[in-house]
Amino acid sequence: MDGLILSSRGGFYQVLCDGDPQPCQCRGRGRFRKDDTQLLVGDRVTVQPTGPGTGFIVDLAPRRNHLIRPPIANISRLALVVSALQPAPNLLVIDRLTAIAARRDIPVALIFTKSDLADTAPLAELYALAGYPVYRVDSPARQGTEAVRGAFATGITAFCGNSGAGKSTLLNALFPQLALPTAEISQKLGRGRHTTRHVELYPTGQGGYIADTPGFSAVDFLRFERMTADQLAGCFPDFVPYRQRCRFPGCSHRVEKGCAVLEAVEAGEISPSRHQSYCAIYEELRGVKEWELK
Ligand code: ZN
């Protein structure tokens, strides 16, 4: 039987087999028992039943993509939940995450929350210009949430946002049937740190799944996702139409004469803040060599 890993805890995997209403509890067999092939939430696997509701995972289907932290595979999209105010958005963090996702072949959508507290239009315009799907929501008032629910009904969506961005409030407004614990509750239960690495898929009820990734921090994300400075421009989709037109091959798109990316910034076709982030991340990545990534 083939199925989808919904959660993983202590060496046990909840696998929802195709056609089954309930997940079965599985253990990894053979090569999956050693650590060289880590089974991830979101993996498509083959299960050999061992009894009612139990089985062994005996095979793993090729992955479309995966992340190490949070540990999850086959993501249809990464939804970055960004608060317009309290806390104020950190564009460098957002741009770093979009670049890492691009490097991992994961599409990104941006959801700007707290549109009741601040005007989210400038942020939405900035990222729409960069080519990302953008949504503006006021979760408590349920404004804008229908569009998000419709867009993320199918596939696997990993929701990621810094604490205070209103991610839990948004998820509960989107999928009240899931009654996801908010960060505040997790902290009260003393599980704030414990849940950091735990990822679980919840059904949207329309064929898709969402993954809430509590305690997700951009720093942890970056530590495991290195790339070289030369690879960075390819991870800014808004640069891609221009970078082949630069005068010199190997252009770093920061200061060079005849750089088509810089001209596009001048012409307002690329947002200055995106280019500033690019330059800052480029500096961070400069020391990374190809062989260090192996
Ligand atoms: Zn250039």
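At 44% relative accessibility, E283 is partly exposed (between the limits for buried, under 20% relative accessible area, and exposed, over 50%, with a 1.4 Å probe and protein chains only). The model is predicted, so local features need pLDDT of at least 70 and side-chain atom pairs count only at pLDDT 80 or more, while totals for chains, interfaces and linings use all residues. Residues are numbered from 1 along each chain as its sequence is written, and side-chain values use heavy atoms, with hydrogens and water left out.

**Salt bridges**

- The whole structure contains nine salt bridges (a side-chain nitrogen of Lys or Arg within 4 Å of a carboxyl oxygen of Asp or Glu).
- Because E283 lies in helix α10 (residues 272-285) and R254 in the loop between α8 (240-243) and α9 (260-266), the pair ties together parts that are 29 residues apart in sequence. Helices (H or I, at least four residues) and strands (E, at least two) are DSSP runs, numbered from the N terminus.
- A salt bridge also joins D43 to R63, with 2.7 Å between the closest N and O atoms.
- This pair links distant parts of the chain, 20 residues apart: D43 is in the loop between β3 (24-28) and β4 (44-51), and R63 is in the loop between β5 (54-60) and β6 (66-67).
- D43 is buried at 0% relative accessibility, whereas R63 is partly exposed at 29%.
- In the salt bridge of R149 with E146, the closest N and O atoms are 2.3 Å apart.
- Both R149 and E146 belong to helix α3 (residues 145-151), where they are three residues apart, about one turn of the helix; E146 is exposed, with a relative accessible area of 52%.
- A network of salt bridges links D95, D238 and R274.

- Leaving aside residues up to four places away in sequence, V15 touches G3, L4, I5, P23, C24, C26, V45, V47 and I57 (contact means heavy atoms within 4.5 Å).

**Q231**

- Q231 lies in helix α7 (residues 229-232) and is buried, with a relative accessible area of 19%.
- Q231 and Y282 are 51 residues apart in sequence and 9.4 Å apart in space, C-alpha to C-alpha.
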